Amino acid sequence: MQKYAISVRILHWVTGLMVIGLFAVGLWMRNLSYYDSLYQVLPFWHKSVGFLLVLLVLLRLVVRFSTQRPAALSSHPPWERVLASATVWLLYGLLFVMFISGYLIATADDRPAPFFGWFDVPVLINAFANQEDVAGLWHEYAGWALIGLSGLHALAALKHHFLDKDVTLKRML
């Protein structure tokens, strides 16, 4: 069995955990009142970790294109290979919708966004009226789509492991 490179596997699982964590924190933030002690804290961490995820996904793309991947299993029919590839690229697309919309939300008030308090991510564009609200809707819908598609991705891996009894999941562990 040929596994994915260790760098690919680590980036895959760290990205997945960060997406789940950011989604959970995002849901939690929606219910905070102005007087809640976490009202300022959670958005700060959500933005900072979100910016870190941008860097990790960019690194992940570099690693993806510079590392040899194992060949598709011969037991996978062509339609399944196409669907798996399309799912991966749709996940990347949704991540970039999240990054762009999150950036537009974070900088909508024309102030830079902090990155862990180490430096500020500058305002590069102030694109349109109601930017925070419009970008917020895109961020929310893309977040739900990302979580839903990630869940299907995980279910497909479990299906391969338990029903098909092939090594698809083991190659990423």
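A: The account below goes from the overall chain to the helix contacts and then to the aromatic rings.

The model is predicted, with local features requiring pLDDT of at least 70 and side-chain atom pairs counting only at pLDDT 80 or more, while totals for chains, interfaces and linings use all residues. Numbering starts from 1 along each chain as its sequence is written, and side-chain values rest on heavy atoms, without hydrogens or water.

The protein chain has four helices and two strands. The C-alpha trace spans about 55 × 30 × 30 Å along its principal axes. Of the 173 residues, 34% count as buried; buried means under 20% relative accessible area, exposed over 50%, and partly exposed in between, with a 1.4 Å probe and protein chains only. Among contacts (heavy atoms within 4.5 Å) with a separation of 6 or more, 73% join residues 24 or more positions apart.

Helix H4 (residues 131-163) meets helix H3 (residues 78-106), with axes that come within 8 Å and cross at roughly 150 degrees. Axes here are lines fitted to C-alpha atoms, for helices over the stretch in contact, and angles run from 0 to 180 degrees between N-to-C directions. H3 and H4 are therefore roughly antiparallel; that label applies over 145 degrees, with roughly parallel under 35, roughly perpendicular from 65 to 115, and oblique for the rest. The crossing of H3 past H4 is left-handed, a term for a near helix turned anticlockwise from the far one by less than a right angle, whereas clockwise gives right-handed. The residues of this H3 contact with H4 comprise 14 nonpolar, 10 polar and three charged. Nonpolar covers Ala, Val, Leu, Ile, Met, Phe, Trp, Tyr, Cys and Pro, charged covers Asp, Glu, Lys and Arg, and the others, Gly among them, are polar.

H4 also packs with H1, at an angle of about 135 degrees and with the axes 11 Å apart. H1 and H4 are therefore oblique to each other, and H1 passes H4 in a left-handed crossing. From H1, His12, Val19, Ile20, Phe23, Leu27 and Arg30 meet Glu140, Gly143, Trp144, Leu146, Ile147 and His153 of H4. Seven nonpolar, three polar and two charged residues make up this contact of H1 with H4.

In helix H2 (residues 41-66) lies His46, which counts as buried because its relative accessible area is 17%. Leaving aside residues up to four places away in sequence, His46 touches Leu22, Val25, Gly26, Met29 and His139. Gly21, in helix H1 (residues 6-30), is partly exposed at 31% relative accessible area. Gly21 and His46 are 25 residues apart in sequence, with their C-alpha atoms 9.1 Å apart.

The aromatic rings come next. Rings of Phe, Tyr and Trp (its six-membered ring) pair if their centres lie within 6.5 Å, and planes under 30 degrees apart are stacked, over 60 edge-to-face and the rest tilted. By this rule the count comes to 12 aromatic pairs. One of them joins Trp89 and Tyr92, a tilted pair with 5.3 Å centre to centre and 40 degrees between the planes. Both residues lie in helix H3, three residues apart, about one turn of the helix. Trp89 is partly exposed at 36% relative accessibility, whereas Tyr92 is buried at 6%.

In Phe115 and Phe116 the ring centres are 4.9 Å apart and the planes stand at 75 degrees, so this pair is edge-to-face. Phe115 and Phe116 are both buried, with Phe116 at 18% relative accessibility. Phe116 sits in the loop between strand E1 (113-115) and strand E2 (119-121), and its phi is near 55 degrees, a positive value in a residue other than glycine. Ring pairs also link Phe44, Trp45, Phe115, Phe116, Trp118 and Phe119 into a cluster.

Lys165 is another non-glycine residue with a positive phi, of about 55 degrees. Lys165 lies in the segment after H4 and counts as exposed at 66% relative accessibility.
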